[in-house]
Amino acid sequence: MTRRVEIEQAVPGLREYARDATRLRPVPGEPGVAESSVGGPLLWPADEAWPLCTDGDHYLDRLLTVETVWRQRRIYAAAEARAAATGKPYEVTDAERAELPGNDYSEPHAAARQAIAFVPVAQLYRRDVPGIDWPAGADLLQVLWCPLDHESTGYNPRVELRWRRAADVGATLESVPQPAVVNEDYLVTPCVVRPEVVREHEYDGLLPDRLRKQAERWAARRGLDYDDDLSVAPGWKVGGYASWALSDWHAVDCVACGSPMKLLITAASSEDDGAPRTPTDVVIGRGYSLYVFVCPQDARHPVGTAMQ
Ligand SMILES: [Zn+2]
Ligand SMILES: [Zn+2]
């Protein structure tokens, strides 16, 4: 029994504040459209338009082309692989450096004054993440975002979902539109996933005082920290609880029907499997997570988001 389950026997009141989450545990790879992935290709019907963002609320800072971001990541990965293979310090060669954009370089902001294609964020088959509220008949969830900052979403990417039945997708879209420019932090390096179900408990600030103290005492006696070890799991995940460590809790209600929304998926800046990793290359704010909430009345209502 893991500590995350054990604590509920010692502190039974916590059972009311427990949910299972599925950590996705992404690893860079080459996922296909028939697999769950983070940042991988989406099973997209040929006859359905790819989403384009025409919002006028983009906040533009450093813009790069998709090609530049991929080239930059290939160069850094090669330098890392050389260092690992030779034991020498990490070093980018002069020839490689000549291929990298300067730190101050940006594509002209005018490049963002056109419809910006969304990019794949995650594709999840129901068999890999059964524990969320799937709309009737759906067995495939796709998450995309516009890879620019939006003032209306707190300077975060704008997220859209597609719920599908995979068997209904016949011919798939051959050529996926690419955004003219991106904030590089929002271009997701394709990763395969290794789902793992973990028990989570409510963010400590949202527990009744007495229960929080009991849970913290139980954790401390075992050399653990409730917040770090027993509450919200690290990394990309589906379901579970959000942390509110950055802003304190605020309501996330559906703009279409007013219902309180439920956490669906978390896009994290890092993973922690004993040591920190950054497999997806996504950076949310200063290393935070973007929580994406879904309406429990109708999963097709617009999503809510919070950065924490
Ligand atoms: Zn946009
Ligand atoms: Zn709603």
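His301 counts as partly exposed, at 21% relative accessibility, whereas Cys295 is buried, with a relative accessible area of 3%; buried means under 20% relative accessible area, exposed over 50%, and partly exposed in between, with a 1.4 Å probe and protein chains only. The structure is a predicted model, in which local features need pLDDT of at least 70 and side-chain atom pairs count only at pLDDT 80 or more, while totals for chains, interfaces and linings use all residues. Residues are numbered from 1 along each chain as its sequence is written, and side-chain values use heavy atoms, without hydrogens or water.

The zinc ion (ligand 2) is coordinated at 2.1 to 2.3 Å by Cys254 (SG), Cys257 (SG), Cys295 (SG) and His301 (ND1), donors being N, O and S atoms within 2.8 Å of the metal (3.2 Å for Na, K and Ca). The spacing of these donor residues in sequence is C-x2-C-x37-C-x5-H. Angles among the four donor atoms are 102 to 116°, and the site is tetrahedral, a class that requires all angles of four donors to lie between 85 and 135 degrees. The ideal angle for four tetrahedral donors is 109.5 degrees.

In strand β8 (residues 140–150), 11 of 11 residues are buried; strands are DSSP runs (E, at least two residues), numbered from the N terminus. Two strands pair if DSSP finds at least two bridges between them. Strand β7 (residues 119–125) pairs with β8 in the antiparallel sense over six bridges, and Pro120 has Leu144 in β8 as its bridge partner. Eight bridges join β8 to the antiparallel strand β9 (residues 156–164), where Val159 stands opposite Trp145. The hairpin of β8 and β9 has five residues between the strands, and Gly154 takes a positive phi near 70° there.

Technical notes:
Chains are lettered from A and ligands numbered from 1 in the order in which they are written. Four donors count as tetrahedral if all angles lie between 85 and 135 degrees; four count as square planar and six as octahedral if opposite donors are over 155 degrees apart and all others between 65 and 115; anything else is irregular. Helices (H or I, at least four residues) and strands (E, at least two) are DSSP runs, numbered from the N terminus.
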